[in-house]
Amino acid sequence: MAELGSKGVTAGKIASNVQKKLTRAQEKVLQKLGKADETKDEQFEQCVQNFNKQLSEGTRLQKDLRTYLASVKAMHEASKKLTECLQEVYEPDWPGRDDTNKIAENNDLLWTDFHQKLVDQALLTMDTYLGQFPDIKSRIAKRGRKLVDYDSARHHFEALQTAKKKDETKIAKAEEELVKAQKVFEEMNVDLQEELPSLWNSRVGFYVNTFQSIAGLEENFHKEMSKLNQNLHDVLVGLDKQYSGNAFPVKAQPRKKTKLFARLRKKMSSDSTPAKANKSPSPPPDGSPITSPETKTVNHELEPSALEAPGASIPKSPSQPAEAAHAGAEAAGSEAAAGAEASKTEADSGSSALPAVVVETFPAAVNGTMEGGASSERADMPPGFLFKVQAMHDYTATDSDELQLKAGDVVLVIPFENPEEQDEGWLMGVKESDWIQHKELDQCRGVFPENFTERVQ
């Protein structure tokens, strides 16, 4: 007991504190159960809500500001490493060596100054602003406890007054305790009623000053950093002029699938040899007219009346490539053969009409598209056209399936026939000038590096 007394704590005080806690707990239970009324102050409760909101916002702002400062520090370190690398690679005989060293030094000083001013003018102010909240929060909590004590003393006094058997001594003591509890509560309540609204209103000026400081520091920092960057740019321009003959070459990404078109063209060549041989078949031994469904021509020596004969059909585009005719004739092979046989029979029977070799036409191609919706490609673009690009640099082809490009060439990009053969960073296309002149993909298309071009359409 003597030890407790030496520390300013007595058994009586401990017992008193315990009794107060029990009394408060009992009072709160009665209030929650509705068996005891509770003193309320709606205006003060609104002040407490504002206080909690202000504390939450300030805490978040402090956290985000610390994160921002950590990012500035990290950027400072990264910038310092970058300028150190520049100093290392900048050879002593290059012009502007001293200038680059000075720029690197000023760059480091500028970052350091920016970080320190942010700490002084923003973070420390933030810490001071939030430093007042813990004390006020503690006083709000203490006021709440004193309010419970006041309500408890009031209820106790009222109970003694309404008792059937009154004890004047207890009533007097209860009244004394009530007056004391009311005085303590009201003193704390009055102070907080003045401080909380004032603290709430101060947030506007604080936010204005904080963000104005940050914005002003950033503005000056970026302005000075811009000057350093311009100086560095000028130094590097001077270096480039002196060593202009050693321009950095733009290189394409390496390809894995080389000689793609070399293989395709070789295969196409071997596949097309028999077809070429079949384009001019020998006449039948009996001398009958040739009625191959691959032929898309008519006998122009026939009289007009013969061409207008019922059932005769004139191809809409006699100049179509043989390949297109071949594809269409295969679709109507049976009709072509029947027409040929009918013509042969009519000739043998001595009909007065001149013999004509005609083939019932399938949908004809008009301006590069098949009637009936077989293709929806635009007439002036290659099949599968995606978009246009323009070469920004010259590119020398290193393989037979690559396009040779000059700066300014326009290329029409088309998809790969087999997407698996597309290498990363490479596109398939045909130069616009070649397409306009030849309208052929097999001999004109090729792959090219995408980083040598830019999209224009």
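Asp64 counts as partly exposed, at 40% relative accessibility, where partly exposed is the range between buried (under 20% relative accessible area) and exposed (over 50%), with a 1.4 Å probe and protein chains only. Please keep in mind that this is a predicted model, in which local features need pLDDT of at least 70 and side-chain atom pairs count only at pLDDT 80 or more, while totals for chains, interfaces and linings use all residues. Residues are numbered from 1 along each chain as its sequence is written, and side-chain values use heavy atoms, leaving out hydrogens and water.

## Salt bridges

Asp64 has a partner: its side chain meets that of Arg60 in a salt bridge, 3.6 Å from N to O. The term stands for a side-chain nitrogen of Lys or Arg within 4 Å of a carboxyl oxygen of Asp or Glu. By this rule the count comes to eleven salt bridges. Arg60 and Asp64 both belong to helix α3 (residues 42-89), four residues apart, about one turn of the helix. Helices here are DSSP runs of H or I with at least four residues, strands are runs of E with at least two, and both are numbered from the N terminus. Arg60 is exposed, with a relative accessible area of 60%.

Helix α6 holds another pair, Glu224 and Lys227, three residues apart and so separated by about one helical turn. Both are partly exposed, Glu224 at 36% relative accessibility and Lys227 with a relative accessible area of 48%.

Lys388 is buried, with a relative accessible area of 14%.

| Salt bridge | Distance between N and O |
|---|---|
| Arg60 and Asp64 | 3.6 Å |
| Glu224 and Lys227 | 3.7 Å |
| Lys388 and Glu432 | 2.8 Å |

Salt bridges can also join into a network, as they do for Asp135, Arg139 and Glu195.

## Surface patches

Patches are made of residues with over 30% relative accessible area and no salt bridge; like charges are joined within 9 Å, and nonpolar side chains (Val, Leu, Ile, Met, Phe, Trp, Tyr) within 5 Å. Lys and Arg count as positive and Asp and Glu as negative, with His and the chain ends not counted. The place of a charge is taken as NZ of Lys, CZ of Arg, CG of Asp or CD of Glu.

Together with Val18 and Leu22, Ile14 forms a nonpolar surface patch with about 250 Å² of accessible area, computed by the Shrake-Rupley method with a 1.4 Å probe, with only the protein chains shown counting as cover for residues.

Lys28 also lies in helix α2 and is partly exposed, with a relative accessible area of 43%.

A negative patch gathers Glu186, Glu187, Asp191 and Glu194 on the surface. Glu194 sits in helix α6 (residues 168-242) and is exposed, with a relative accessible area of 55%.

## A strand pair

Strand β5 (residues 426-431) pairs with β6 in the antiparallel sense over four bridges; two strands pair if DSSP finds at least two bridges between them. Trp426 stands opposite Pro449 in β6. From strand β6 (residues 446-449), Gly446 and Phe448 point one way and Val447 and Pro449 the other way, and all are buried.
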